[in-house]
Amino acid sequence: MAHDTNKRKEIRKFLEKIVIDAGVGRLSQTPNFEDKVLAQVRRDIAAMTGQASQIRRAKKSIAGFKIREGQIVGLRVTLRKEKMVDFFERLVTIVLPRVRDFSGLELSNVDHGGTLNLGIREHLVFPEISPEQSPVTFSIGVSVVPRKKDHDAALAEFRRLGVPLKKEESAPSKGKKKK
């Protein structure tokens with residue numbers, strides 16, 4: 001138990017915040033969007049994060065994407081302190097192993113400032129979400145922001161905290177086929 005509290009302190013000392021984004025642009029075309037779909041998405045995000053989400057609206061109209069100014073295009077939650085630590089531990093130990101065909105995060109997911117950015121295609125991998133209770137599926141983006149903005153130090157610390165990163169940057173294969 002003492003080891004667990006030490007690890008939580010280390011996580012809290014290393015991380016500044018975790019930002020969770022969910023785009024609902026495509027879902028906004030469905031009938032009764034604000035009454036049914038948006039309410040369900042907000043409930044699911046609140047169950048995943050333990051915190052209410054903030055509605056993000058379009059700042060200007062974009063005809064090609066059928067977006068009008070003021071239309072709801074996404075939801076955002078910023079986690080700090082204990083909720084951030086809880087979410088980070090669940091993400092690393094429960095959620096990522098449940099993702100289909102998961103073989104580790106690419107090193108390119110950590111940007112030059114040390115922020116770990118990842119996308120999860122289906123929110124149903126979170127244990128708090130019941131597929132029977134949630135008829136709407138959506139993807140989320142997670143940004144794990146460290147306090148120190150150093151790429152190499154962040155990579156080392158993410159590995160130490162148990163984030164499943166791949167060993168090295170894998171070069172893309174140039175059309176070679178195995179026989």
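A polar contact here is a pair of N or O atoms within 3.5 Å; within protein, one must be able to donate a hydrogen and the other to accept it, and residues adjacent in sequence count only if both atoms are side-chain atoms. Keep that in mind for Thr 49, whose side chain has a polar atom 3.1 Å from the backbone oxygen of Gln 51. What you're looking at is a predicted model, where local features need pLDDT of at least 70, side-chain atom pairs count only at pLDDT 80 or more, and totals for chains, interfaces and linings use all residues. Residues are numbered from 1 along each chain as its sequence is written, and side-chain values use heavy atoms, with hydrogens and water left out.

**The sheet**
- Helices (H or I, at least four residues) and strands (E, at least two) are DSSP runs, numbered from the N terminus.
- Five strands make an open sheet in the order E2-E3-E1-E5-E4, and the pairing is antiparallel (two strands pair if DSSP finds at least two bridges between them).
- At the edges sit E2 (54–57) and E4 (116–120), each pairing on one side only.
- E1 (residues 15–23) pairs with E3 (residues 72–79) over six bridges, with Ala 22 opposite Leu 75 and Val 19 opposite Thr 78.
- E1 is also joined to E5 by six bridges, and there Ile 18 stands opposite Val 144.

- Leaving aside neighbours within four places in sequence, Ile 18 is in contact (heavy atoms within 4.5 Å) with residues including Val 77, Met 84, Phe 88 and Val 142.

- Thr 49 lies in helix H2, which spans residues 33–49 and lies across E1, E2, E3 and E5 (140–146).
- Thr 49 has 3% relative accessibility, so it counts as buried (buried means under 20% relative accessible area, exposed over 50%, partly exposed in between, with a 1.4 Å probe and protein chains only).
- Besides Gln 51, the side chain of Thr 49 reaches the backbone oxygen of Ile 45, at 2.8 Å.
- Not counting residues up to four places away in sequence, Thr 49 touches Ile 20, Val 77, Leu 79, Lys 83 and Phe 87.

Definitions and conventions
Axes are lines fitted to C-alpha atoms, for helices over the stretch in contact, and angles run from 0 to 180 degrees between N-to-C directions.
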